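This briefing is meant for a reader who is meeting the structure for the first time. Please look over the sequence and the model below, and then read the notes that follow, which are grouped by topic.

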Amino acid sequence: MAECKKETNLTKCTCTYEPCSRKGICCDCIEYHWKMGELPGCLFPPEVERTYDRSLARFIATYSRV
Ligand code: SF4
C-alpha cells in the first residue's frame, strides 16, 4: 500500500474551509464530496472555492465560461 502523502498534500491544498479533518487526505476528500455529487475544493478557481459550493453543476458552469 502506498504511503499517504498528507504532509506534502497539505502544502498544496487550496481549500479554505477550516477546520476539516480530511484536509491533505485527498482520497477521503474525494470520497466525501463525490458521495454528495460534489468535487473537492481544489478543482475550483479561488473565487468559486470561497463560496463552498462544490456541486457538479457549479463546476460545469464555472468551466463552461472559460
Ligand atoms: S474540499 Fe471538502 S473535504 Fe476537501 S479539504 Fe476542503 S472541506 Fe475538506
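This is a predicted model: local features need pLDDT of at least 70, side-chain atom pairs count only at pLDDT 80 or more; totals for chains, interfaces and linings use all residues.

**A nonpolar patch and the cysteines**

On the surface, Ile30, Trp34, Leu56 and Ile60 form a nonpolar patch, and together these residues have about 410 Å² of accessible area.

**The patch and its helices**

- Two helices, H2 (26-35) and H4 (56-64), each supply at least two residues of the nonpolar patch.
- Trp34, a member of the patch, has its place in helix H2, and Trp34 counts as exposed because its relative accessible area is 54%, where the cut-off for exposed is over 50%.

**Asp28 in helix H2**

- Asp28 also lies in helix H2, and with a relative accessibility of 33% Asp28 counts as partly exposed.
- Asp28 and Lys12 are 16 residues apart along the chain, and their C-alpha atoms are separated by 16 Å.

**Cysteines without disulfides**

- With a disulfide taken as a pair of cysteine sulfur atoms within 2.5 Å, the count comes to zero disulfides.
- For Cys13, the closest cysteine sulfur is that of Cys15, and the 5.2 Å between the two sulfurs is too far for a bond.
- Cys26 is likewise in no disulfide, since the nearest cysteine sulfur, which belongs to Cys29, is 6.5 Å away, whereas a disulfide requires the sulfur atoms to be within 2.5 Å.
- Cys13, at 30% relative accessibility, counts as partly exposed, and Cys26, at 39%, also counts as partly exposed.

How values were computed:
Residues are numbered from 1 along each chain as its sequence is written. Side-chain values use heavy atoms; hydrogens and water are left out. Patches are made of residues with over 30% relative accessible area and no salt bridge: like charges are joined within 9 Å, nonpolar side chains (Val, Leu, Ile, Met, Phe, Trp, Tyr) within 5 Å. Accessible areas come from the Shrake-Rupley method with a 1.4 Å probe; for residues, only the protein chains shown count as cover. A salt bridge is a side-chain nitrogen of Lys or Arg within 4 Å of a carboxyl oxygen of Asp or Glu. Helices (H or I, at least four residues) and strands (E, at least two) are DSSP runs, numbered from the N terminus. Buried means under 20% relative accessible area, exposed over 50%, partly exposed in between (1.4 Å probe, protein chains only).
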